[in-house]
Amino acid sequence: MGQSFEPVIVGFLCNWCAYAGGDLAGVSRIQYPPNMKAVRVMCSGMVHPELIVKALARGADGVLVMG
Amino acid sequence: MVECGRHLNIEIHTLSEITEVAGSVGNYTVTVKQKPRFVDMDKCIACGLCAEKCPKKVADEFNMGISKRKAVYIQYGQTVPLKYAIDDSSCLYFQKGKCRACEKFCPTGAINFEDVETTKTILTGAVILSPGHVPFNPGKYDYTGYGRIPDVVTSMEYERMLSAGGPLMGHLAKPSDNQEPLSIAWLQCVGSRSISRHDRSYCSSVCCMYAIKQCLVTADHLPSHATQTVFYMDIRSHGKNFDRYYEDAAEKGVRFIRERPHTFDPGPNGSGVSITWMDKDGGKRTELFDMAVMSVGMEPPSDAEKLSKIAAIDLDQWGFARTDSFSPSQSSRKGICIGGSFSGPMAIPRSVTQASSAACKVSMELASAKGTLTKERTYPEERDVDQGEPRIGVFVCSCGMNIAGVVDVKAVAEYAKTLPDVVFVENNLFTCSTDTQVIIGGKVKELNLNRVVIAACTPRTHEPLFQETLKDAGLNGYLMEMANIRNHNAWVHKNTPEMATQKAKDQVRMAVAKVALASSLRSQSVPVTQKALVIGGGLSGMTAALGFSELGYDTVLIEKSDQLGGNAHYLEKTADGQTLRPALEQMIADVENNARITVMKKATLAEAKGSVGNFTGLIQTEENARTDVSFGVAVVATGGRETKPSEYMYGSDPGVFTHLEFDAFTAGKSDAVLKAECVAFIQCVGSRNKERPYCSRVCCTHTVKKAIALKEMDPEKQVFVFYRDIRTYGVFETWYHKARQLGVIFIQYDSDTKPDVRREDAKIVVTATDPILQQPVAIYADYLVLASAIESSGISGLSQLFKFSVDEDGFINEAHPKLRPVDMSVDGLFVAGLCHYPKPVDESIAQAMAAVSRAGVLLAKTEMKLNPITSFVTDRCDGCALCVDVCPYHAIRLVEYQGHASMQKRIETDTALCKGCGICAATCPKGGVQVHGFTLDQLMAQVDAVLKAS
Ligand SMILES: Cc1cc2nc3c(=O)[nH]c(=O)nc-3n(C[C@H](O)[C@H](O)[C@H](O)COP(=O)(O)OP(=O)(O)OC[C@H]3O[C@@H](n4cnc5c(N)ncnc54)[C@H](O)[C@@H]3O)c2cc1C
Ligand code: SF4
Ligand code: SF4
């Protein structure tokens, strides 16, 4: 048996809400799995479709855009 | 704290006490006695070796004695300045003559046993006293068992037990046997709201909310079958959004019992505590709890009296600094102001507001000397590094144990060394400490680093600090990237340390990839219009306008109605009992006669444009005249209004009033009122319900004071108050006490047992179930006064104009509810008074002064730097104009220019309007417009770095 599957998720987090929410989750010690890696953006509207397509094409198991 | 420590115009003297304050406003000489630290601040690098080697352990006061610290110590990980100190009262060398272990091990030779006490004098124009408060010590109380039963703790001790960074690392354990407690009881009002010998007669205002917070945090820490029970008299969740929090706790299963337990006994085998109280039906009930938490109140600091003598200021009857409703931060001595809870029990937002109002008062006193002694930060010229190869330095923070307790920071640092372009890596205990900034700057210069990665906490709070450090070292601040391995990692992946370490490596790799592509960014400057606009002419607005004028700024004050003063016209007295009218009239005259203030009545703001430092607007008056106005900042003080009830026969029965109506009705002491035999009040009418799930904050005190006035008019008059919780917070509690002493009868009801009201001939009959008698009671009243809810007024149009945010209850949102309580969500706008939340006169005035103080920081500058994170146009733009319409800030225009052969089109962006949201960048199919600091290449590099697993 190999290791259990651990998805790689790219997260685009808006600095003002989702990223701030992530900070607050930290302050509140809310535990969640470490699979998502956050790219901080100044607004979720900044996330070019090309970034999402390329992320998936290059091997991401999922992309989260939060804002 | 860090910002304070780094501020050029703030000098910090630690271990210091003032011993004399001579002189007068504008010219004080303060004598300061500084105790020896025995550690040379210039040499200490806070490595902690001294504390590691020190053999002497003493109870750690920061952790309420739950853990031990050494005789050489820092109080907590983030202390400013981060320098160790020797406590000579426990140090073995000072007490017994030998040891000096720390001296041997200190790598920098910072220990100095010869250090002595020094005295200095400081020349200053004004003084702000903010010594805060101390928690009540229930040791004096024998009946709660504190000190006798091990599992009875104070809320302060419990707070440390709950803290993830505290002595138990957040793993709750009973002091008696270290087992996890599964049933915990809180006892409210310990030391507060009681006139027995050791207690304080006021309400400490904060303990209900912190107890509820502790319940909810506890529920998160413990298994779901664990229970939380709160024994209380009234739940005082009178702050903004507090009632929601309380309702939420009740819904989540926290048990609230409105009883005062009378007996506390140790549980079986000395573990736990058995609590006995009298039930509603008169029966005795005993329950065993694993732990009991005493919600202790606030007391003035133990040396308040000494301090008051030194500063020659008056204290009130409880030992808090005496202030005045109309000047809430002014002490009895001119030029000495009070910040925070030294002026009375209050929670964080009010303390911060109060402290800002003290800063405002001081600036007003010293306005003539403004700017004469301030220092400005200057930076060395920036090195031009954009062209060269990246040379990246990575600093990995342990954050004490905050990060290092979960993430293997050493492994992360080792890993960072293997990344491309990284030439230097270091792990620091606290990367944000002042000393580490010196180290970072030194490394930048020594190794010629041209990019820096800080793997630590969140850029949302710490980016400015590290940017400064780079600038001090001659690098552009934007050549730095943070990897958030604390908030987004160590704190949230506690149970999977290996995966957390892996993620931290990924985060560092992403930051390195991004920063390698970073380029220097420069901010543009725009001139600041040094004028203020104040919207709303109530007490808050007038206070703000007068404040600005004293600081030397011209102000336009617009008032919708035909008179200044707002709600204050209808109030008889302030909450602390002062008559309002003379002060109000004086204030109106001061505003109207002030050469710097332009008052516009029957006026509203019809248009607003621009941004912080540079707003323009159009004021419309009733006669349809329109006036242009330009301003650098605005204070929104549009106030509130008493709502008209829709129940209890209001509007259909002439004997039913609202507060303000009844005040007006009784103002002339009409015969009718004199003759009335019985007056009833119903509280929370329209507040704390589905429609308005908030507490209107002032109505309980208003009712209690009116009830007293009626009793004083004629002690035979019967006065009844139907209430849910009486929320006479802080020193207003003494009015409640007085009302009960005078014979006012208080009858409690719940949201589902509201009183019934009907008319029977000459009387209004109010019926309800008395919870003490457990029987229905009927009151025959001549008048019924409804404590109706307070709503904000006049903000919906403004919020559209300025695009500021308003909460679900219709009150203006602050930028941060605790730490930035007067800043609004839009830069350059500030809020004061009832439009922020219902509050009494003194709090409205303090908030208005705080707004002036905060706005004054912006107005003091003749020019302001714009955020350089904005869009820019690249060569690839071909003028397709797809982005023009999507920009929400209208910052993009299409322009024509002369190309090689023909006229060409491309876009132009306006940096002052652009907010850097990047919607344009995501819309452009060609990369023709990008955002500085977040270019497509940089974001793509981060994505690639995620996928390139290490
Ligand atoms: C029913 C009630 C009972 C109270 N009881 C007490 C008490 O017992 N003790 C106590 O200390 N405090 C009490 N207060 C609170 C006290 O009245 C306020 O703290 C104080 O008056 C400060 O108010 P303000 O200036 O923020 O708002 P307001 O007094 O409401 O003034 C706001 C002003 O702005 C104007 N305005 C509104 N919208 C606009 C607009 N768009 N453009 C221009 N102008 C506008 C209004 O016409 C008004 O003049 C009570 C308040 C109410 C409503
Ligand atoms: S009623 Fe006042 S003193 Fe009592 S616990 Fe609540 S806030 Fe504290
Ligand atoms: S009457 Fe007013 S102050 Fe008292 S609890 Fe109800 S809403 Fe709050």
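In strand 3 of chain A, Leu64(A) is the bridge partner of Gly11(A). This pair belongs to a parallel pairing of strand 1 (residues 9-14) of chain A with strand 3 of chain A, which extends over five bridges. Strands here are DSSP runs of E with at least two residues, helices are runs of H or I with at least four residues, and both are numbered from the N terminus. Two strands are said to pair if DSSP finds at least two bridges between them. The model is a predicted one, in which local features need pLDDT of at least 70 and side-chain atom pairs count only at pLDDT 80 or more, while totals for chains, interfaces and linings use all residues. Residues are numbered from 1 along each chain as its sequence is written, chains are lettered from A and ligands numbered from 1 in the order in which they are written, and side-chain values use heavy atoms, with hydrogens and water left out.

How much area do chain A and chain B bury between them? The value is about 3,400 Å², with 64% of it on carbon and sulfur atoms. Buried area is the accessible area (1.4 Å probe) that two parts lose on being put together, summed over both. On the chain A side, Arg29(A), Arg40(A) and Met46(A) lose the most area to chain B, and together they account for 19% of what that side buries. The contact (heavy atoms within 4.5 Å) draws 41 residues from chain A and 38 residues from chain B. Four salt bridges are counted between chain A and chain B, a salt bridge being a side-chain nitrogen of Lys or Arg within 4 Å of a carboxyl oxygen of Asp or Glu. Arg40(A) forms a salt bridge with Glu463(B), in which the closest N and O atoms are 3.0 Å apart.

Chain B contributes to an open sheet of five strands, in the order 33-40-34-35-36 and with parallel pairing. Strand 33 (656-658) and strand 36 (745-748) of chain B are the edge strands, each pairing on one side only. From one strand to the next, the twist averages 20°. Helix 17 (residues 659-667) of chain B packs on this sheet and touches strand 33, strand 34 and strand 40 (783-788) of chain B, while its direction makes about 105° with that of strand 33 of chain B. Strand 35 (residues 718-723) of chain B runs parallel to strand 36 of chain B, and four bridges join them. Here Phe720(B) stands opposite Ile745(B) in strand 36 of chain B.

Thr604(B) has Gln620(B) as its bridge partner in strand 29 of chain B. Gln620(B) also stands opposite Arg626(B) in strand 30 of chain B. Strand 29 and strand 30 (residues 626-631) of chain B are antiparallel over six bridges, and their hairpin has four residues between the strands, with Asn624(B) in the turn at a positive phi of about 70°.

Ligand 2 has a shell that includes Cys189(B), Arg193(B), Cys207(B) and Asp234(B), where near means a heavy atom within 4 Å. Strand 11 (183-190) and helix 6 (207-221) of chain B each supply at least two residues of this shell. Around ligand 3, the shell includes Cys684(B), Arg688(B), Cys699(B) and Asp725(B). For ligand 3, strand 34 (678-685) and helix 19 (699-713) of chain B each supply at least two residues.

Terms used: Axes fitted to C-alpha atoms, helices over the stretch in contact; angles between N-to-C directions.
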